[in-house]
Amino acid sequence: MKVMIAMFVQQAAVQVLAHAAAVIPDPPPAAPVGSGAIATLFSWLKWGALTCCGGAAVTGGCMIALGNTSRRAEMAERGKVTLFSSVIGAVIVGVAVTLITASYGLS
């Protein structure tokens, strides 16, 4: 008797869920209002970050040249680290922003 009641409850639940699935609408995904502003913000942030990375690369190159010509090995070493870090930073910014805009369709 318990098995029959359990089967009846299961069948009723399946029918209710099937009916609910047919009634509940499934709209296509759409970008929210104002998503263009988010894309613009990402563009500005990317531009600013890449500008900073470019400035750091130039500064690092100057530190390497100045450190080598003035026999300041610590300045040349810091310049190498700065140059390497700016290149890595530019790659990370470029990849991150590209992944975000492609993932959310902001382009």
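Analyst: Helices (H or I, at least four residues) are DSSP runs, as are strands (E, at least two), and they are numbered from the N terminus. This is a predicted model, in which local features need pLDDT of at least 70 and side-chain atom pairs count only at pLDDT 80 or more, while totals for chains, interfaces and linings use all residues. Residues are numbered from 1 along each chain as its sequence is written, and side-chain values use heavy atoms, with hydrogens and water left out.

User: Is Phe42 buried, exposed or partly exposed, and why?

Analyst: The terms rest on relative accessible area: buried means under 20%, exposed over 50%, and partly exposed in between (1.4 Å probe, protein chains only). Phe42 counts as partly exposed because its relative accessibility is 23%. Phe42 and Ile100 are 58 residues apart in sequence, and their C-alpha atoms are 9.0 Å apart in space.

User: How does one check the length of a helix?

Analyst: The expected span is 1.5 Å times one less than the number of residues. Helix H2 (residues 35-69) has 35 residues and should therefore span 51 Å, which agrees with the 51 Å between its end C-alpha atoms. H3, with 31 residues, reaches 45 Å from its first C-alpha to its last, close to the 45 Å expected.

User: Which residues of H2 and H3 are buried, and what do those of H3 pack against?

Analyst: In H2, the buried residues include Cys53, Gly60 and Met63. In H3 they are Ala76, Gly79, Ser86, Gly89, Val93, Gly94, Val97 and Thr101. The buried residues of H3 pack against H2, and H3 is in turn part of what covers the buried residues of H2. Contact here means heavy atoms within 4.5 Å. Ser86, found in helix H3 (residues 73-103), counts as buried because its relative accessibility is 5%. Apart from neighbours within four places in sequence, Ser86 is in contact with Cys53, Ala56 and Ala57.

User: How many disulfides are there?

Analyst: A disulfide is a covalent bond between the sulfur atoms of two cysteines. The rule used here asks for a pair of cysteine sulfur atoms within 2.5 Å, and by it the count comes to zero. Cys52 is in no disulfide, as the nearest cysteine sulfur, that of Cys53, is 7.0 Å away. Cys52 is exposed, with a relative accessible area of 57%.

User: Which residues form a nonpolar patch on the surface?

Analyst: A patch is made of residues with over 30% relative accessible area and no salt bridge; nonpolar side chains (Val, Leu, Ile, Met, Phe, Trp, Tyr) are joined within 5 Å, and like charges within 9 Å. A salt bridge is a side-chain nitrogen of Lys or Arg within 4 Å of a carboxyl oxygen of Asp or Glu. Leu83, Val87, Val91, Val95 and Leu99 form the nonpolar patch, with about 410 Å² of accessible area together. Accessible areas come from the Shrake-Rupley method with a 1.4 Å probe, and for residues only the protein chains shown count as cover. Leu99 lies in helix H3 and counts as exposed, at 53% relative accessibility.
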